[in-house]
Amino acid sequence: MKFSEIYSVIEECVRHKVAFAAYALPHSDDYCFFEDTSPQAGTKADLNSFSGFAAGFFGKDQPLYSVGNFREEGTELCFEKYNSKETANTVSPTTDHDLYVAKLCSLIAGFGSLEEKAVVSRVLNVESRKSPVCVAWDYFRDQKSCFRHIYYMPVTGLWFGATPELLIEYRKSAGEFRTMSLAGTRLCGGQSPWDDKNIHEHNLVTRHIVDVFGDMGLDPVVGEATAVKFGRVEHLCHEITGRGVADMNDLYSRLNPTPAVCGYPHELALERIAQAETHERRCYGGAIAVASDDVIKLFVNLRCASVSELPDGSYSYGLYAGGGINAMSDPEDEWREAGLKMQPLYEAVTGSRMTVDV
């Protein structure tokens with residue numbers, strides 16, 4: 001289905017707080033739509049057996065919550081018989097620039113070597129009378145190379161995003177696994193080699209994934225380096241493949257969160273994130289899974305926004321973006337990098353260009 005064909009029913013789901021999910025795979029204009037009006041909406045998903053859509057929160061050993069009823073084209077939802085559910089506000093306040101810089105200075109001073117990394121995010125809270133479905137549609141139009149999604153569950157609240165990062169793809173019948181290490185950021189069009197800071201940051205991610213695949217007997221193969229574009233920035237990327245048999249719940253637990261959204265070493269990075277960030281990430285940096293009979297794909301929820309409706313009928317949008325911090329990082333550069341990553345979202349919400357110093 002095209003997004004225009006499910007636009008009105010998504011609007012109704014948002015209005016009535018019906019659990020739903022819509023998504024399109026990278027380079028596709030076809031959207032799958034799921035809804036769930038049952039009291040069991042948002043149950044925990046078993047990655048070895050589930051079919052449909054599931055999403056979860058950032059963090060180690062976080063479960064995924066599913067929306068499981070595929071909506072065939074032409075079927076109707078009877079919203080009048082559905083009892084709306086209340087969801088806590090999921091939008092965090094805007095990150096203060098001076099506090100962010102001070103916390104990053106302290107964080108950087110505490111690094112013992114270039115083998116340490118922490119991914120620190122920030123939030124920009126923007127209010128608008130533009131509906132979230134309209135914002136998502138405008139946002140998705142320019143992000144066709146990404147996995148695009150919009151979903152609501154009582155446990156998660158309302159989110160939408162367009163992420164360039166694949167966490168895991170598993171083709172069961174062929175025993176084939178695919179993922180990517182995606183880290184390092186610079187403005188598009190750079191002709192010079194990637195700098196040491198971004199290379200070190202990226203290599204930590206690649207090494208972690210290769211180690212996990214190797215430990216699980218998946219015979220990892222690292223492809224050639226490429227650049228993945230998103231808006232005005234591009235990221236260093238290596239595709240990593242493997243073959244074999246693995247428990248998907250176990251593989252997900254070992255890979256998530258990757259050093260690309262958390263850092264390295266894992267436990268220390270999570271502690272540093274808790275110290276440096278002044279907001280809850282909730283679904284930002286968490287995983288999203290979509291599955292059919294033979295293929296399951298998990299993506300990292302990046303370039304995303306949470307949405308809450310305000311008492312006057314307008315909406316509060318929490319825009320999330322972050323970057324990898326290591327001993328070579330400059331706090332002001334990291335602030336601007338996060339701003340560049342937020343720009344496409346900001347433009348979809350407001351219709352205007354955001355200055356990266358905001």
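How many positive and negative side chains does the protein have, and how far apart do the centres of the two sets lie?

1. Charges first. There are 34 positive and 50 negative side chains, with the centres of the two sets 2 Å apart. Lys and Arg count as positive, Asp and Glu as negative, while His and the chain ends are not counted; each charge is placed at NZ of Lys, CZ of Arg, CG of Asp or CD of Glu.

2. Ground rules. This is a predicted model, where local features need pLDDT of at least 70, side-chain atom pairs count only at pLDDT 80 or more, and totals for chains, interfaces and linings use all residues. Residues are numbered from 1 along each chain as its sequence is written, and side-chain values use heavy atoms, leaving out hydrogens and water.

3. Overall build. I see seven helices and 18 strands (DSSP runs numbered from the N terminus: H or I of at least four residues for helices, E of at least two for strands). The C-alpha trace spans about 60 × 50 × 35 Å along its principal axes. Of the 358 residues, 57% count as buried (under 20% relative accessible area, 1.4 Å probe, protein chains only).

4. Contacts. Taking residues at least 6 apart in sequence, 72% of their contacts join residues at least 24 apart (contact: heavy atoms within 4.5 Å).

5. Helix 5. In this helix, residues 248-255, the buried ones are Met248, Leu251, Tyr252 and Leu255. They sit on the same side of helix 5 because their arc around the axis is only 100 degrees, judged by directions from the helix axis to the C-beta atoms. Their cover includes helix 4 (196-215) and strand 11 (176-187).

Key. Buried means under 20% relative accessible area, exposed over 50%, partly exposed in between (1.4 Å probe, protein chains only).
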